[in-house]
Amino acid sequence: MSTAPAPEPREPKPALIFDDPLDQQSADDTDRGWGERPRTDGDSAADLKRFLDEKPPHHL
């Protein structure tokens, strides 16, 4: 008869957190990350790239 292999140790389960999720600020609560790019003062190449990236397809 064959013997069953020894079970591998399992990773501990993450602890449950019962905090109120509305007490924490999420990324949506800030003005950052809403498609805005960092300011590039006087960089015309960056302005052109942004214009070409954001131009609707019917304006080609």
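Predicted model: local features only at pLDDT ≥ 70, side-chain atom pairs only at ≥ 80, totals over all residues.

Visitor: How many of the 60 residues count as buried, as a percentage?
Guide: 0% of them. Buried requires under 20% relative accessible area. The chain exposes about 6,900 Å², and carbon and sulfur atoms supply 55% of that area.

Visitor: Why does L52 count as partly exposed?
Guide: Its relative accessibility is 46%. L52 lies in helix α1, residues 44-54.

Visitor: Which residues form a nonpolar patch with L52?
Guide: L48 and F51. Together the three have about 310 Å² of accessible area on the surface. Nonpolar side chains are joined within 5 Å, and each patch residue needs over 30% relative accessible area.

Visitor: What makes D53 and K49 a salt bridge?
Guide: The closest N and O atoms are 3.1 Å apart. The cut-off is within 4 Å. So the pair qualifies as a salt bridge. Side chains of opposite charge can pair when their charged atoms come close.

Visitor: Where do D53 and K49 sit relative to each other in helix α1?
Guide: They are four residues apart, so about one helical turn separates them. D53 is partly exposed, because its relative accessibility is 44%.

Visitor: How do you know that R50 forms a salt bridge with E54?
Guide: Apply the 4 Å cut-off again. The closest N and O atoms of R50 and E54 are 3.0 Å apart. The pair passes. R50 and E54 are four residues apart in helix α1, so they too are separated by about one helical turn.

Visitor: Are R50 and E54 buried or exposed, or in between?
Guide: In between. R50 has a relative accessible area of 38%, so R50 is partly exposed. E54 has 45%, so E54 is partly exposed.

Visitor: How many salt bridges does the count come to?
Guide: Two, by this rule.

Definitions and conventions:
Residues numbered from 1 in each chain as written. Heavy atoms only, no water. Patch = residues over 30% accessible without salt bridge, like charges linked within 9 Å, V, L, I, M, F, W, Y side chains within 5 Å. Areas by Shrake-Rupley, 256 points an atom, 1.4 Å probe, with all protein chains shown as cover. Salt bridge = Lys/Arg side-chain N within 4 Å of Asp/Glu carboxyl O. Helix = DSSP H or I, 4+ residues; strand = E, 2+ residues; numbered from the N terminus. Buried < 20%, exposed > 50% of the residue type's maximum accessible area, 1.4 Å probe, protein only.
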